[in-house]
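Subject: Structure handover

Hello,

Here is the structure for you to look through. My notes on it follow below.

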Amino acid sequence: MKRTILYFSIGILFGIIMIKSEAASWFRIYEMFQFKSFHMYGIIGAAVALGVVITQLIKRNNMRSFFGTEIQIAPKPKHIKASLYGGSIFGLGWALTGACPGPIYVLIGAGYLPLLVVFVFALLGTYCYGLLKPRLPH
Amino acid sequence: MAPWPWYVGGPAIAVVLFLLLFSEKRFGMSTNLKTMCSMAGAGKKIPFFAGDWKANRWGLLVALGAAVGGFIAATYMTNGSVGMIHPDVVTELNQMGISGAGVEFMPPELFGIEALTHPKTLVLLALGGFLIGFGTRYAGGCTSGHAISGLSDLQWPSFVAVIGFFVGGLLMNHLILPYIL
């Protein structure tokens, strides 16, 4: 129950940040790909810069979680082709809809209901990947 | 009530990363799409979706919270003002028939309720959604899993994935969007 509230609350915080920072705004994503604003680069850059510090501190000091367990950070699978091809396919969708998988939920909650279409087809896309996975280069 | 500048938004995202890592989890939103496919029974026929989806229930809670957070922020934490969009972008979008830049949070032509009655817009939204779902799972992560978590952990595949995000994004933004919007 405690954990349910914890994860749900982190989600609420994330949703508020996506709206208040405008990272979920289609206009901001469009502007980013036009290189006409520092806004999105600032957001991602600052998040990653602080993220590197947080992640490295955790790893070097073997820090423990809120629950007293050792924090495990599993490395990403070394699938370079999949990262590049999949990343490019996602990039096409990101620039078209302005939405990443996180902001999809945030924007539906904020009342932009056409994102429901994006959501349903994102599920279909994930399903098709699962179907085709054995035949794709990784 | 005004939108946050990047130097508030960026560090706030790092706080989310911090909270998830210290809650024994990773910051990654696209896995939820796979979890939901597994929940719906896709694992019966496709091995990729097999396994215990209940281990990822926490992610669904984060997604549900994100929707609630979106509602709270849009309803109670904004006075309707949005950040300035570069004037060149505003002009360009207006010429492409997209209004609201610098005035509204989202373009009404694509995300207003009336968009649901325009077949062309529906096709674009569906196509975009499909590419997001297919691409993120193929790449093994999205902006949160690769660009934030992965780069923070100095992961080489994440760096490649982020290059991919921009290859696809720039292609869509500069070469495709002007013809399909």
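Phe35(A) is exposed, with a relative accessible area of 52%; exposed means over 50%, buried under 20% and partly exposed in between, computed with a 1.4 Å probe and protein chains only. Phe35(A) sits in the loop between α2 (26-33) and α3 of chain A, where helices (H or I, at least four residues) are DSSP runs numbered from the N terminus. Its phi is near 55°, a positive value in a residue other than glycine. Asn62(A), in the loop between α3 and α4 of chain A, also has a positive phi, near 45°.

Please keep in mind that this is a predicted model, in which local features need pLDDT of at least 70 and side-chain atom pairs count only at pLDDT 80 or more, while totals for chains, interfaces and linings use all residues. Residues are numbered from 1 along each chain as its sequence is written, chains are lettered from A and ligands numbered from 1 in the order in which they are written, and side-chain values use heavy atoms, with hydrogens and water left out.

Salt bridges

Over all chains, the search finds five salt bridges, each being a side-chain nitrogen of Lys or Arg within 4 Å of a carboxyl oxygen of Asp or Glu. One of them joins Lys36(A) and Asp88(B), with the closest N and O atoms 3.8 Å apart. Lys36(A) lies in the loop between α2 and α3 of chain A and Asp88(B) in helix α4 (residues 87-95) of chain B, so this pair joins two chains. Lys36(A) is partly exposed at 29%, and Asp88(B) is partly exposed at 42%.

Salt bridges with shared partners also link Glu22(A), Arg28(A) and Glu31(A) into one network. The closest N and O atoms are 3.0 Å apart between Glu22(A) and Arg28(A), and the N to O distance is 2.9 Å between Arg28(A) and Glu31(A). Arg28(A) and Glu31(A) are three residues apart in helix α2 of chain A, which separates them by about one helical turn. Glu22(A) is buried, at 4% relative accessible area; Arg28(A) is buried at 6% and Glu31(A) at 2%.

Cores and buried residues

The largest nonpolar core has 85 residues, and Trp26(A) and Phe27(B) have the most contacts inside it. Such a core is a set of buried Ala, Val, Leu, Ile, Met, Phe, Trp, Tyr and Cys residues joined through side-chain atoms within 4.5 Å. Helix α1 (residues 2-20) of chain A gives the most to this core, namely eight residues.

In chain B, the 16 residues of helix α1 (residues 6-21) should span 22 Å at 1.5 Å a residue, and the end C-alpha atoms are 23 Å apart, which agrees. The expected span is 1.5 Å times one less than the number of residues. Among the buried residues of α1(B) are Gly9(B), Ile13(B) and Leu17(B). The cover over its buried residues includes α1 and α3 (39-60) of chain A together with α3 (57-76) and α7 (143-152) of chain B.

Asn173(B), in helix α8 of chain B, is buried, with a relative accessible area of 1%. Beyond neighbours within four places in sequence, Asn173(B) is in contact (heavy atoms within 4.5 Å) with Tyr30(A), Phe33(A), Gln34(A), Ala95(A) and Pro178(B).

Regards
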